[in-house]
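Visitor: I am new to this and would like to know what the labels on a structure rest on. Could you take me through this one?

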Amino acid sequence: MARTTTKDRPSYRCTECGWTGPKWLGRCNECHAWGTVEEFGAPKARSIVAGPVTTAALPIGRIDVKAAKFRSTGVEELDRVLGGGLVPGAVVLLAGEPGVGKSTLLLDVASKSASPAARTLYITGEESAAQVRLRAGRIGALNEELYLAAETDLAALISHVDAVKPALLVVDSVQTIASPAIDGAPGGVSQIREVTGALIRIAKERNIATVLVGHVTKDGSIAGPRVLEHLVDVVLHFEGDRHARLRLVRAIKNRYGTADEVGCFELHDEGITGLTDPSGLFLTQRQEPVSGTCVTVTLEGKRPLVVEVQALVAPSQIPTPRRATSGLDSARMGMVLAVLERRGGVRLEKTEIYTATVGGVKLTEPAADLAAALALAGAAADHPLPSKLVAVGEVGLAGEIRRATGVQRRLAEAFRLGFTHALVPPDPGKIPKGMKVIEVADIREALRAFNLVSHRERKADRE
């Protein structure tokens, strides 16, 4: 009876991160994903010999960079996120929730970037060619140099590339394309890995800028194996509430530029347009100040956005009053409420509290804590804040106000939009000429600056 040697034993590999091990596990030891470890056979010892090279190695100073210059997409906001445009041979992965506007944006890009010298090929695997044609007519994305095909087979897709010879290839989406060389349904791990690898090889060999549309999972992460994000050059995430007009394109990975840029778009019936100055979407135009509102300045990448935070405090008759948030982090708001009550003396235990942002923007950075605290305190006291006031600062558990990053840039944007007063932590740095800045060290000092402290706190201060 022949014995099984170590070389003949099967190995197991995680389909998400590529970790390998000698035995099967229900959970990967590397990425901790469940049900992703599969058997792939014993590794075979192979000897590698020298082979022909594609191009000779050259000193780095003699490498021609003309072929790697940015080419504009025709959409200024997308060029900002990409670092200047698309690079020939680059592969971009654009992911987002269904219905957020990915196909609409890419169809607009495909039309605007197409020219007789640089054709565009749009491959749709989720819709028919007639459906895409109808959308293109509605948003004004018709171009004679934009070629459209509905395909789900990788071999047919390559034939279209050979026939059209495009400068830009858009695949919507990579989960719908299947390779005949791999078993399994489209969208599977092995299919996605094979299709993406083939498209990357085509893009690099023929200098074709390629944009792949990807799906997302229930928790908002990009669907498919994690190695997919490592293979491509740029990873973009399309964000936005389908009930709001605002859409954000955020760079998660970018080999050709910074990965902290954000593009702002507005989705409407006629298509999608870039917003070079989107702050007006996040403010409410009113004649008189209203209690429970405060304006802050958030940084999305390098871009400052002026956003209004609203709060409503109402008496409650139930033992456990309701707490609801929209556009704000619920855990962060719970902490701000606790600090307000314990350190600021604002009584909120028997009230229902609702907090929200204007325009559907999501605030996740701690710099919005101070504005949220002032909005809540103003709503509880039914006392409006000055209409030309902005508040920027992080609230700590001890009640201290901590400095946020980029305060000077935030105040400059607020002053440009007509705000004349700012509430900030100590030592804000250079401030715009003509803006009055109030420095506060803790939450009680911030409340006292606008007469938002309770009668009990005023009495304690006098004593």
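Guide: Start with a definition: two strands pair if DSSP finds at least two bridges between them. The model shown here is predicted.

Visitor: What makes β10 and β11 a pair?

Guide: β10 and β11 are joined by five bridges, in the antiparallel sense. The definition asks for at least two bridges, so β10 and β11 count as paired. One of the bridges links R247 to F265 in β11.

Visitor: How do you know that β9 and β10 pair?

Guide: The reasoning is repeated here: six bridges join β9 to β10, and at least two are needed, so they pair. These two strands run antiparallel. V234 has N254 in β10 as its bridge partner. The hairpin of β9 and β10 has six residues between the strands, and G240 in this hairpin takes a positive phi near 155 degrees.

Visitor: In which sense do β4 and β8 pair?

Guide: Strand β4, residues 91–96, pairs with strand β8, residues 209–214, in the parallel sense. Five bridges join them. V91, for example, has T210 in β8 as its bridge partner.

Visitor: What holds paired strands together in general?

Guide: Strands of a sheet pair through backbone hydrogen bonds, either parallel or antiparallel.

Visitor: Which strands make up the open sheet, and in what order?

Guide: There are nine strands in the order β6-β5-β7-β8-β4-β9-β10-β11-β12, and the pairing is mixed.

Visitor: Why are β6 and β12 called edge strands?

Guide: β6 (146–150) and β12 (271–274) each pair on one side only, and strands of this sheet that do so are its edge strands.

Visitor: Which helix packs on the sheet?

Guide: Helix α2, residues 102–113, packs on the sheet and touches strands including β4, β5 and β6. The direction of α2 makes about 155 degrees with that of β5. Helix α5, residues 189–206, lies across β4, β7 and β8 and runs at about 160 degrees to β8.

Visitor: Why does I63 count as partly exposed?

Guide: Buried means under 20% relative accessible area and exposed means over 50%, with partly exposed in between. I63 has 45% relative accessibility, so I63 falls in between and counts as partly exposed. I63 sits in the loop between β3 and α1. Together with L58 and I60, I63 makes a nonpolar surface patch of about 330 Å².

Visitor: How many residues does the protein chain have, and what percentage of them is buried?

Guide: The protein chain has 463 residues, and 45% of them are buried.

Definitions and conventions: Residues are numbered from 1 along each chain as its sequence is written. This is a predicted model: local features need pLDDT of at least 70, side-chain atom pairs count only at pLDDT 80 or more; totals for chains, interfaces and linings use all residues. Side-chain values use heavy atoms; hydrogens and water are left out. Helices (H or I, at least four residues) and strands (E, at least two) are DSSP runs, numbered from the N terminus. Contact means heavy atoms within 4.5 Å. Axes are lines fitted to C-alpha atoms, for helices over the stretch in contact, and angles run from 0 to 180 degrees between N-to-C directions. Patches are made of residues with over 30% relative accessible area and no salt bridge: like charges are joined within 9 Å, nonpolar side chains (Val, Leu, Ile, Met, Phe, Trp, Tyr) within 5 Å. Accessible areas come from the Shrake-Rupley method with a 1.4 Å probe; for residues, only the protein chains shown count as cover. A salt bridge is a side-chain nitrogen of Lys or Arg within 4 Å of a carboxyl oxygen of Asp or Glu. Buried means under 20% relative accessible area, exposed over 50%, partly exposed in between (1.4 Å probe, protein chains only).
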